[in-house]
Structures are given as structure tokens and as C-alpha cells.
Amino acid sequence: MSEITKQSLSELVKNIKNKKISSEEITKAFVNRSKKSKGLNTYITEDYSSALDKAKKFDQNPNLDLKLPGIPIAVKDLFCTKDIRTTAGSKILNNFVPTYESTVTQNIWNEGAILLGKLNCDEFAMGSSNETSFFGNVQNPIDKNLVPGGSSGGSASAIAGQLTPITIGTDTGGSIRQPASFTGTVGLKPTYGSCSRYGIVAFASSLDQAGPMAQNVKDCALLQEVISSYDSKDSTSINFKRNEYSKELTNNIKGKKIGIPKEYRVDGMPKEIEDLWQKGINYIKDCGAEVIDISLPHTSYALPTYYIVAPAEASSNLARYDGVKYGFRAKGENLIDMYEKTRSEGFGAEVQRRIMIGTYVLSSGYYDAYYLKAQKVRKLIKNDFDEAYKKVDAILTPSTPSAAFKIGEKKDDPVSMYLNDIFTVPVNLAGLPGISIPAGHDSKGYPLGLQIIGKAFDEQNILNIAYAMEEKIDFKNKITDWWIK
Amino acid sequence: MSIDLKTIKHISKLSRISVDNQKAEKLADDLNSIFKFIEKLNELKTDKIQPLTSVAETTLKLRSDEVKSNDIREQIVKNSPQDNEDYFVVPKVIE
């Protein structure tokens, strides 16, 4: 049996079911590796001793019928965990202890998994490099100079660094798929309404979705099966027939029609990304699927639309942080002064920037010109996909316009940071599922990802395509453990 | 269009975020570059397009208004930055 932390989720589950290994042994292995990996700064809150207790308890009376029997899992610190500090990467929630559990994490614990700790992320999930976190930036296990992507940067780093066998992130504009692409891992953003938003710290409610992150497609499918559920506590949760994604997973995609959108060939796209995309197209053909050129004419308007809609919703969602009922409070001369100082000292620069943008586009005199306009363009973007899906079953694009960039490289230029999400944002605006799979390396050896976008509620189909491609690609992540002394 | 310092101060009031002059200048620069990028939307004619408010094609469901969590008062008050037994405390509002 190979080293525990190198095993995939499927292997661990198999080994635990065959009683070759105990939950305690698995948990110990991940705790020990996590302890040695402080240099990555992946964890905001560790819950190791409680995890080891739970593992021992699991082993005393193991229920091996569960889908995640005694499997330790660290989760993004955007999910509320009952009695365990939940910060959203922000100073303003530094001491917040939820009195309830998010539905998505509850679904995971119901299947026998054990919480290892809470993972670092960009503050309120606003960022593409994990540099906006109050708890410091996260290192990419691939190379110490690189960002892991964001906002689920801690989650991606924890998967790539083998600190947790699987994890969950959230994706509002690319926050699962982009970091997955930057770290050579797999990340799925499900259809809007597939996973409950209940108990997830809100960023932009019409775009936010939780999703699985894993080392491979099969593990991702299994976790999606666990976390996706109809939930009456989320008013936009959708009641549809959910597949048993891992059981129904197949690499037979013969005859599937895959669209290649010409508008994703953006100006200045590095040749390496072009080549990767072409390689992906060849793999698709090798699998017996048909490749069809399509057009998504409003693609270039997606990012500007997103940077109106998301901040507008954020400015409204983040109004609740006023220093009264929970979180950080600054001293003020009166109530208003207290609010203003609390929010000025409690939020970081990027969050303040987005609140200001959102407030402006919703303010009197500007609402029609910006917010309403963006909602109309959002409709056009969704129409583009609806049209395309009359001809194809799924769409193949690069996940990001480049490999992971250097820490600090884009920190002072918000627009160049935002451009990172150019291929992922349209998917959120249209509410569709999208998966990023590692597909190759650039000349420096950094991983590059391809994205498969599906029809709404068609997660099974994109998982199948990803599964078939994964086999052909045979990607190997290059992890040297540089951070372990 | 350009966002001046006066506008920044106005938005900061609406956002309840205090902003000193130095911060206002930085914010004005950032917001101007972001809005320059956003203005691309003006290339599109959208008069006849219906706005998309939510991709979830569901109507809001009604539910009965029941209390489901019990005895969490203490935990909730404990999360407040300044508590006084069963109350949230704020700076004096009425003189």
C-alpha cells in the first residue's frame, strides 16, 4: 500500500472498507503532514485533536456503508461550522463562532467524514490569488514563488500538497476552477441551485456555488454526489433528480458533441494555452466525441458584467457587518462613527473596493446605467449558451489565460487580477456547471487546466467527459515537498 | 466619466466605510480604472432585453414561520463584540 497521504479518496475508502487501514491511521497521516506543512499557510483554524478523537470513535463502531467512512477533510473557511470559528479570511469575522452548520458540510459529516480544519481563502472569497486573506497569502505547493490562485487557494493548495484527500471550495467567478488549474488539481463548479448556499458566508448570492475539489475526476464525482442536495433553507436551491455521479461515471463519450467557442481565443493568449487547448481538442476526438466550432458572441462582455453584478450583490450582503451582533468592532465617537471605523478597519482593501463599486452602481442616478444594464447583458450571455447548447452537449475551453503567476505580481493592479477569470466568469453568470482538469504543463513546468462547461444540471455529462479526457491526458503533478523541512 | 474625490467621499458615506484623503485618492484611481473597463458594456444596445435577475427559474417558496433552534441565545450573544447579559450594546444613540 502506498503512502497514506498520496492515496486518492477512492483508494482510501476502499482500504478502509476492506479494513486494511483505520480512520485513525488515515487521520493521523493527514494531521502529521498538515503539521509539517505550516509553511504553505493553508489552514486558518486547525481542529486536529478533535479530528483524532472523532477518528478513534469512528473506528470503535465503524459504519462502512457510508460514502466517506472516517475520511478526514479540511474545508474552505467560508463554510459555517457549528462551534468552530469561521472567518471567511477576514479580520471582521476573526472571532466568529457559528451556532449552526452549513448544509454542504453537514452533508459531508452525515456520510462519515471528519473535519480536519478550516482552509485559508481570499477575504470573503474576493480575489484570484489568495493574497487578500487577513491571515496571509497561501503558497502554491508547485513552486514557492507562485500564488495558488483564489479564492479557494487554501483548498487547492491543501489538495495539491496532500494535506486533505478531498475538499470543498466555493466559486462565484472561478474560485474553484482557477485555483484547481493553478495547482494541477480537479475542481467542479456545479449548476447554480445544485448545492445549498445555506451557511456559506455570502459574497454574490446569484452567483455563489459550493463545489468539490480533488486529485482526480472520480473523487470529485463522489464528493459532488455527497454535497449536492435540495435544501429548503436555501430559497434558490433547486429540486431536480440528482445522479449518483461516481457510480454513473463512464469514460464512454462516443458521439458527444463538444463545442469550441471562437471568442475564447482572446488577444494576447500565450501560445502555450493555445497549444494546450488544441491538445484537448485532439483528446476529445480520440475519445470518439465530435468537435464543433461554436460562437458565444458576448464573451468579452462577461467580465465587465461580472464586475457590476458581483460587487452590487456583495455591497448588499456585506452590509450586515456593522460591529454590533458579531465580529470585530472598532471604537467610535457615536453609532455612525463606530460603523464606519469598524468597516474601515475590519475589511481589507479589495473588499472595501468592491463594496464601494457595488454601492456606486446601485446608487441613485447610476442604477439603470450600470446595474440594470449589467443584468441585461447577463441575459445576452445566458442566451449565447442557450443557443450553443442547441448544437452541442458541452463546451471545451482553457480554464485560465495563463499558468499560476508570481506572488505580488498582480497585487496592485485590480484589473489585471480580474482578467484571470475571463474564461470562468461567463459560466457563473449563466448558472452553468463547469469543471477544470489538469491537462499539461507550461515551459516552466507549471500546471495548466482545461475547462469543460455543461448544460444546467448536466454535471454527469461533464464529469464523464473529464473522466475520459483524464485517462488520455495522464497528467502527473510535480510536487517536490519543498516546504517540508 | 471619471470618479472624483467628492464622489468617493459620497460612496464611502453610503457604504459606511470611513475614508481619509490618502485612501480616497487611491480608491479614485482604482475605481476609475475599473469603470473604464466596465464601460465596455455601453457598446451594446440593450433597450429591448429583459434583465436577468436570477438563473434559478424558481418562484420563492413559502414556509411556515417556526422557531427551529432552541437555547442558542447565550451562544449568539457571546459572538457580539460587547454584550450586556441578554442585550447587544451599541454606542449611545439618543442624547
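Student: Which residues does A:Leu463 touch, not counting those up to four places away in sequence?
Tutor: A:Leu463 touches A:Val217, A:Ala221, A:Tyr245, A:Leu249 and A:Ile435. Two residues are in contact if their C-beta atoms, placed from the backbone, lie within 7 Å.

Student: And what am I looking at here?
Tutor: This is a predicted model, in which local features need pLDDT of at least 70 and side-chain atom pairs count only at pLDDT 80 or more, while totals for chains, interfaces and linings use all residues. Residues are numbered from 1 along each chain as its sequence is written, and chains are lettered from A and ligands numbered from 1 in the order in which they are written.

Student: How many residues are in the largest nonpolar core?
Tutor: That core has 155 residues, and A:Leu463 is among those with the most contacts inside it. Such a core is a set of buried Ala, Val, Leu, Ile, Met, Phe, Trp, Tyr and Cys residues joined through C-beta atoms within 7 Å. A residue is buried if 20 or more other C-beta atoms lie within 10 Å of its own.

Student: Which helix gives the most to this core?
Tutor: H9(A) does, with nine residues. Helices are DSSP runs of H or I with at least four residues, and strands are runs of E with at least two, numbered from the N terminus.

Student: How many helices and strands are in chain A?
Tutor: Chain A has 15 helices and eleven strands. Buried residues make up 61% of its 485 residues.

Conventions:
Buried ≥ 20, exposed ≤ 12 C-beta atoms within 10 Å, placed from the backbone.
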